[in-house]
Amino acid sequence: MLIPHPLLGLRDAEEFTYLGDASLLDRPDPHAPDAAQQFYEYQHLRDNPAGIHRELWFHEQGDRSWLIVTRNTLTHEILGAELARDAKGAKA
Amino acid sequence: MRYSGFRVIKEALTGHKGWKPIWRNPEPQPAYDYVIVGGGGHGLATAYYLATTFRQARIAVLEKGWLGSGNIGRNTTIIRSNYLLPGNEPFYEFSMKLWENLEQEFNFNAMVSQRGILNLIHTDAQRDAYRRRGNAMILAGADAELLDREQVRAMYPWLNFDNARFPIKGGLVQRRAGTARHDGVAWGYARGADLAGVDLIQNCEVTGFRIENGTLKGVETSRGYIGAKKVGVAVAGSSGRVMAQAGMRLPIESHVLQAFVSEGLKPFIDGVITFGAGHFYVSQSDKGGLVFGGDIDGYNSYAQRGNMAVIEDVAQGGMALMPAIGRARLLRIWGGIMDMSMDGSPIIDRTPIQGLYLNAGWCYGGFKATPASGYAFAHLLATDRPHDTARAYRLDRFERGYPIDEKGMGATPNLH
């Protein structure tokens, strides 16, 4: 698989370490009244879709940036990649 | 029809005209007492034990493709009970004992072969860990034996003992472990279930659950609605997809694991060898092919095929351990979808929906568990209580803080 790194162009997926669903960026509020339940769900439960999946890849053998890669889990086709910090920044 | 040596001779002398299809192909009934979703190893074993051991009832197995078309036909056929943790080891040893009597019980040749499994040791720390594991196995009634370097050399003199990074210092062997013919296991359970009156319904995909006031009423399928008092889901890599239809999110990610078979070679590996440090394990099939594999690819996948990098990694592991296979050619490579759980251990439990039960999260170790998984799931479905050896496999254990994490990796499914 080749990942279209927004800064470095097409890079082999072997340069990356995989973490999982991009929802891991949305850390719950530790001060919320139901924080324990929220953290349980955040840490352990997954949508695990068959199809389009937004997921976190770490460019460990490269520029050490975190990417959000959009990929089809049925075909392994990679549909796009963005810097996680941009996505996170846009949300904040 | 019972199979026996006498029967084979009789058929040979009468032109093989007496063999019949070994299960029916029934139309689905409007309703059943028990519906098992998934006609793979675990689903068929569940139906078999439910029908033969626990109760007479109307039971159906719904399979979206053909029986045994998923991971039961895609694995590397190893059976063993060499786990460490108290939540796991008694369960897998129960499974091992069921394997030992399986063929006599369901009168089908599953080619169970107790040829032993050897886990290699490369460091003092690993030896300590394996000694502890061996003791845990013995405490649970299994067998384990710690070997030194020379004892390993006597078993497999052609291993590379002096690899610079991972020299072989010994091994932990479980002699009762071994291999079984994976398709034969599915067929044996299917035949046994069919003979006990279970309807095995193929090409019947579950497309939804009918749930009223938190209670399950039945399943919508590609062949119409089927009512059910209790539904047990045993669909391995598709667990997330199927349970999403009931509105549930699971502590599971689906990943692809690749497996490999070489061309046929003369017999030279008479057991199973695992080289954990090099992400490689191997056995030799009765046809002579080396059956081997390594790690999962590591990213979410439903594709039933993996990528080249892992193929290279596995081949390198094999070459590091046994340079003798360097000229052997690969015949086949394939992938299966693993339901990787958050702690690497399975789930056999009720769900918050009354009447809906889940058997999932087997990661890449489901084959060896097939008999006990079926038995324990049937026990749960029939009695609403977990089987003694499967009490730890609760769905809510992550919420309560009781994971069963053999590798100590935490909630990272791709590292288990």
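The model is predicted; local features need pLDDT of at least 70, side-chain atom pairs count only at pLDDT 80 or more, and totals for chains, interfaces and linings use all residues. Residues are numbered from 1 along each chain as its sequence is written.

Helix α2 of chain B covers residues 41-54. Helices are DSSP runs of H or I with at least four residues, and strands are E runs of at least two, numbered from the N terminus. The expected span is 1.5 Å times one less than the number of residues. Of the 14 residues, 11 are buried, so α2(B) is largely enclosed by the rest of the structure. Buried means under 20% relative accessible area, exposed over 50%, and partly exposed in between (1.4 Å probe, protein chains only). Among the buried residues are B:H42, B:T46 and B:Y49.

The largest nonpolar core has 51 residues. Such a core joins buried Ala, Val, Leu, Ile, Met, Phe, Trp, Tyr and Cys residues through side-chain atoms within 4.5 Å. B:Y49, B:F91, B:Y189 and B:I348 have the most contacts inside this core. Elements giving two or more residues to the core include β1, α2 and α3 of chain B. α9(B) gives the most, with 10 residues. Another core, of 28 residues, lies apart and includes B:C204 and B:M248.

B:M1 lies in the segment before α1 of chain B. B:M1 is partly exposed, at 33% relative accessible area.

Terms used. Chains are lettered from A and ligands numbered from 1 in the order in which they are written. Side-chain values use heavy atoms; hydrogens and water are left out.
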